[in-house]
Amino acid sequence: MDIGIIIITHGQLAESLISIIGKKEKVVSICITPDFTLEKLREKINQEIKNLSSQYVVIFTDMLGGTPCNVSLMVAKEQKGVYIISGVNIYMLITALNLKELNKDISIDEYIEEIVAEGKRCIANVKDLFK
């Protein structure tokens, strides 16, 4: 399955996540700053989708309802094969990369479901885990 990944966040979080997971083929970041307009972000997302030239593009955003998520939704409504996952964390990205590399027969819907499930699994009240 040919999947491109775009990580879009407020501030420099997207770049920081890529520095942690390492630079990977077909994984890009967009860091939005206060000077980004909605139209500028929309154009940047469309350009990155075009540059990735993938069958599917999964956009990871930092928070549901935030500008990266809302503008990504506008773009996804206009283009086939664009999916959005909000609440990005390192575990989600590692899962996305592993599934992309190791599980070529998975459908895009299964791919998205697995990433979201794994991302949720790593969110915990750690103190409660050790009672």
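A disulfide here is a pair of cysteine sulfur atoms within 2.5 Å. Keep that cut-off handy for the first stop.

What you have open is a predicted model, where local features need pLDDT of at least 70, side-chain atom pairs count only at pLDDT 80 or more, and totals for chains, interfaces and linings use all residues. Residues are numbered from 1 along each chain as its sequence is written, and side-chain values use heavy atoms, with hydrogens and water left out.

**Cysteines.** Select Cys122: how far is its sulfur from the closest cysteine sulfur? That sulfur belongs to Cys69 and sits 18 Å away, too far for a bond. The disulfide count for the structure is 0. As for cover, Cys31 is buried at 16% relative accessible area, while Cys122 is partly exposed at 35% (buried is under 20%, exposed over 50%, partly exposed in between; 1.4 Å probe, protein chains only).

**A charge on a ring.** Next, grab Phe36 and Lys40. Lys40 lies over the ring face of Phe36, 4.6 Å from the ring centre (the rule: NZ of Lys or CZ of Arg within 6 Å of the centre and within 35 degrees of the ring normal).

**A greasy spot.** Finally, show Ile20, Ile90 and Ile94 as a surface: they make a nonpolar patch with about 250 Å² of accessible area together (members have over 30% relative accessible area and no salt bridge; nonpolar side chains are joined within 5 Å, like charges within 9 Å). Ile90 is partly exposed, at 33%, and belongs to helix α4, residues 90–102 (helices are DSSP runs of H or I, at least four residues).

Note on methods: Accessible areas come from the Shrake-Rupley method with a 1.4 Å probe; for residues, only the protein chains shown count as cover. A salt bridge is a side-chain nitrogen of Lys or Arg within 4 Å of a carboxyl oxygen of Asp or Glu. Helices (H or I, at least four residues) and strands (E, at least two) are DSSP runs, numbered from the N terminus.
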